[in-house]
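Dear colleague,

I am passing on the structure below, followed by an account of what was found in it. Please read the notes with the coordinates open beside them.

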Amino acid sequence: MPKRIIGNILAGRTLVTASGNTTVRAASRLMAEKKIGALLVVEQGRIAGIFTERDALNKVLAASLDPDKTLLAQVMVRDPQTIRADKPLAYALHMMAEGGFRHVPVVDVDGAPVGMVSARDALGQDLVDLERDMRRLEELETSIGY
């Protein structure tokens, strides 16, 4: 699989964040304005959580919570898995496939947030290559009786 490095993918992108005391409505408006599917919840320069479209749908709307009163801290995914910017996108895609999520926060060597990659970043040849690699892995696991 080509080694597209996450840092290169993030070049030129602006990190969009919110605090845990942001309302779901305000966060949703920000996400719509920026045309993003997730944002990082950052407290004191560290990732506290991630809030996604799925969280808005499943934890807020489906649960009949008031988006004007519900805070991100109440519905975000706390302490999400992260990846460093110097890693290949393939590593993040593997994390997403294994974990069943579509966004991975990116951190620097000190753990500070620098961006986010999503499954959308893999569209094109990387996705084709990942599917091929996953099929090979499944075939290998089947052949050894895993």
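With 6 of its 7 residues buried, β3 is largely enclosed by the rest of the structure. Please keep in mind throughout that this is a predicted model.

On one side, β3 is joined to strand β2 (residues 38-43) by 6 bridges, and the two strands run antiparallel. Within this pairing, Glu-43 stands opposite Arg-46 of β3, and the hairpin that the two strands make has 2 residues between them, with Gln-44 taking a positive phi near 55°. β3 also pairs with β4, again in the antiparallel sense, over 2 bridges, and here Ile-50 has Val-77 of β4 as its bridge partner.

The buried residues of α2 are Val-24, Ala-27 and Met-31. Because these cover an arc of only 65° around the axis, they lie on the same side of α2. The face turned away from that buried side carries the exposed residues Arg-29, Ala-32 and Glu-33, while the elements that cover the buried residues of α2 include β2, β3, α3 and α4. Just after α2, Lys-35 takes a positive phi of about 55°.

In helix α3 (residues 53-61), the buried residues are Asp-55, Ala-56 and Val-60. Seen down the axis of α3, these residues fall within an arc of 100°, so they line one face of the helix. Their cover includes α2 (24-34), β3 (46-52), α4 (72-75) and β4 (77-78), so that β3 is listed among the elements covering the buried residues of α3 as well as among those covering the buried residues of α2.

**Exposed positions**

Two further places may be worth a look on the surface. Thr-14 is in the loop between α1 (6-10) and β1 (17-18), and counts as exposed because its relative accessibility is 70%, where the cut-off for exposed is over 50%. Although Thr-14 and Gly-115 are 101 residues apart in sequence, their C-alpha atoms are 7.4 Å apart in space.

The other place is a nonpolar patch on the surface formed by Leu-137, Leu-140 and Ile-144, which together have about 280 Å² of accessible area. Of these residues, Ile-144 lies in the segment after α6 (125-143), and at 59% relative accessibility Ile-144 counts as exposed.

With best regards

How values were computed: Residues numbered from 1 in each chain as written. Predicted model: local features only at pLDDT ≥ 70, side-chain atom pairs only at ≥ 80, totals over all residues. Heavy atoms only, no water. Patch = residues over 30% accessible without salt bridge, like charges linked within 9 Å, V, L, I, M, F, W, Y side chains within 5 Å. Areas by Shrake-Rupley, 256 points an atom, 1.4 Å probe, with all protein chains shown as cover. Salt bridge = Lys/Arg side-chain N within 4 Å of Asp/Glu carboxyl O. Helix = DSSP H or I, 4+ residues; strand = E, 2+ residues; numbered from the N terminus. Buried < 20%, exposed > 50% of the residue type's maximum accessible area, 1.4 Å probe, protein only. Arc of directions from axis to C-beta. Contact = heavy atoms within 4.5 Å. Pairing = 2+ DSSP bridges.
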